[in-house]
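I opened this notebook to keep track of what I looked up, entry by entry. Each term gets its cut-off where I first use it.

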Amino acid sequence: MTTGEATKTRSAALLDSVRASSWQSRLAVALVAVLLTLLAVEAVQAPGQFLSQLLIGLTNGAILALVALGYTLVYGIIELINFAHGDNFMIGSFVGLTVLSGTFAGLGLFGAITDDSGTLLKVAGVFIALFVAMAVCGLMNVGIERVAYKPLRNSPRLAVLITAIGMSFILQNVGLIWKGPAQIPFPQLISDNKVFGPGSILFRWNDLFVVGVTVPLLVALSYFIQRTRQGKAMRAVAQDKEAASMMGINVNRTISITFLLGGILAGASGVMYGLFNGITVFNVGFTQGLYAFTAAILGGIGNLTGAVVGGLLIGIIGAMADQCIGTRWTAIVIFAVLILVLVFRPRGLLGDRSAVQGGGE
Amino acid sequence: MSARLRRYGLPAVLIVVAFLFPLVEGFLETDLMYPLIIITIYVMLALGLNIVIGFAGLLDLGFVAFYALGAYVVGWFASSQFQQVTFSFGSTATSLSGGELPGIHISFWVLLVVAGAFTALCGVIIGAPTLRLRGDYLAIVTLGFGEIIPRFFQNGNNLAGFNLTNGTIGIKAIDAPGIQFLPDSLDAWQEFGTLDLNPWYYTILVLVLITIYVNVQLRDSRLGRAWISVREDETAAAAMGINPVTTKLWAYALGAVFGGLAGAFYGAFIANIFPEAFSFNISILILCMVILGGMGSIYGVILGAVLLQGLNFYLLPQMNEWVHSIGGALGNEALSSVDLPRYNFFIFGIILVAMMLLRPEGLIPNRQRAEEFHDQDPGTGDSMGDTARA
């Protein structure tokens, strides 16, 4: 009997919350329900293809999540939408490509690593490319903060946003001068053969590669923020800059480290994007950056878990839009998600800044 | 300069110069009319954006959406895009065979009004749910709309089988405007042609003058003061009985009207419109003009538009030639084949960063905006949103 009562009160509470909800949220729930039903129909009709597409979405989502973390970290600490972050990601993929091609500034340091290189060389090349891109992007992000954002710390918020847009265009043109306007192919170093999976479901080596790089990075980031002294300082600065500086925390250094972390993640993400999708271009940072920003907003900006959840969701939404509506509508679908989330639930799914700022506004 | 001279004399001189310019140009035969018309279109766009950014303090990163909508209104209703229907109203377009022209052909002057009304409506529809958002979120939402609308035009060649926008190719052969009841001696004005650009120039000049007039009137109006109070401190303004959302909505819709009018003129002038011409870069170019010149300052915004388009049309191609000749003299392959105008947004990016760091109030500042930017205690007067981090 007790269980019956419990369910009754629970259902009554549910009913109450439905009654109390606004028409917007009811509409949103209905819309999401319709979409999920449509997807379920799709899944039943072609389960193999559906699951493969879901996996592609998850992998792309993992790449986006790393970029989204950069937006969310910076927003959590100085409330700036770092518009140049997407272009940082692009520079990351360019650096990775340059390392793999073995030439830098006209100097041939070693032979290009291509599809036919030995396995050991490929693995070494990919990891060197990842590390170099992470280092370059991390340092570049710190440099950008020092030059462009730090002098404006007491200026109106939109002034800093405009500076960030300017930086974004500068970086984009650096990419344009560096590699030209055309799409550049990445060497296919990681095979897209199936690792495992029954029937037509594909879990490929490059999916495994992305997961294998992303998960350790996320664990390391989480360890850094939750367990280390510097991470504690970051959380403190995010909560209250003034109080943190009174406690002897070096606020400027903490902000620099935040940008460093964001840049490192963007660099890794850029190289993985290139290797996974086989292509990069100077303006890839704009769309991918906006997708990642959408992910950060969807999860709740400032919230680290939210950024990862949002990244995976946006990856899946993108893959499903590719599959069901058509590739050319994907960008519109994701920007629509961005607008709808900002209008109807600006704090995102998991609430804003809870992870970095320890809850509360 | 006395106050009265500055208030009436300087604008009068500038207007006379602007009106007499084609005569001088025709005398010197310098081929300046085409770039001049494009520059004037951008002056109008920048003045429209100035209402949104300069007066109301809302950062709009998707202004190009209204420009595109205005252009497509003219494209839809003054071309043979919709072959299914045949409708003509006061249009200059005539078919060569003498039969009925397929498609909708409506007079440009009517469409100008329609485009303004349509973009205002779109501004209200986009703005009403979003203007409650804080400054930086609003910027991103406008950016989202600015991205969606050209992409929609790009994909709009097959909306459930209906060809609305003709996809990436866009709408071709848009009818020219014209004033048909004029005597035959003014045949350049009967149907605006590509040989004599003066009618185009005077039309856009009149449109710009209307824009400037509205800008001035708005700035000194009750609504203008409401914008100032909302951008400086929204909470205080709301406490004084100003409805912030309505006030912002007015700014957004009025800005949209001028964006739409400029787009309509551009569509008729260029005669071929396609979605690529309405990219995010255009939004940033217009933003850059407003910021370089000075937010909220009408002289400043006009100067910003002229300078940046001048850079696009003259300085960069000129510098390109110099660099090529230097490269040719040195025998340097990279220098002699570089394409400098392609990197114009590099310069615009630097301008945005440099202006914000060194002179956020712009070249010809609006006094009030300048003080807001240099407020030592930004917590009290928060132009363009509160400080980055209080």
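**Entry 1: chain A as a whole.** I began with contacts in chain A between residues at least 6 apart in sequence, and found that 77% of them join residues at least 24 apart, where two residues are in contact if their C-beta atoms, placed from the backbone, lie within 7 Å. I noted that this is a predicted model, in which local features need pLDDT of at least 70, side-chain atom pairs count only at pLDDT 80 or more, and totals for chains, interfaces and linings use all residues. Residues are numbered from 1 along each chain as its sequence is written, while chains are lettered from A and ligands numbered from 1 in the order in which they are written.

I then looked up the secondary structure of chain A, which comes to 14 helices and six strands; helices (H or I, at least four residues) and strands (E, at least two) are DSSP runs, numbered from the N terminus. The radius of gyration of chain A is 22 Å, close to the 21 Å given by the globule rule for 361 residues, so chain A is as compact as a globular protein of that length. This radius is taken over C-alpha atoms, and the rule is 2.2 Å times the number of residues to the power 0.38. The C-alpha trace of chain A spans about 75 × 60 × 35 Å along its principal axes. Of its 361 residues, 48% count as buried, a word I use if 20 or more other C-beta atoms lie within 10 Å of a residue's own, with exposed meaning 12 or fewer and partly exposed in between, the C-beta atoms being placed from the backbone.

**Entry 2: one helix of chain A.** I picked helix 4 (residues 85-101) of chain A, whose 17 residues reach 25 Å from the first C-alpha to the last, close to the 24 Å expected at 1.5 Å a residue; the expected span is 1.5 Å times one less than the number of residues. Is this helix mostly covered, or mostly open? I found 16 of the 17 residues of helix 4 of chain A buried. After the helix comes Gly102(A), whose phi is positive, near 80 degrees.

**Entry 3: chain B.** Chain B has 15 helices and three strands. Its radius of gyration is 22 Å, close to the 21 Å that the globule rule gives for 390 residues, so chain B is as compact as a globular protein of that length. Buried residues make up 46% of the 390 residues in chain B.

I followed the strands of chain B into an open sheet of three, with the order 1-3-2 and mixed pairing; two strands pair if DSSP finds at least two bridges between them. Strand 1 (78-79) and strand 2 (86-89) of chain B stand at the edges with a single partner strand each, so one side of each has no neighbour in the sheet. Strand 1 of chain B runs antiparallel to strand 3 (residues 103-106) of chain B, and two bridges join them. I also noted that Ala78(B) has His105(B), in strand 3 of chain B, as its bridge partner.

**Entry 4: where the chains meet.** The contact takes 38 residues from chain A and 39 residues from chain B. On the side of chain A that touches chain B, helix 6 of chain A gives the largest share, 15 residues.
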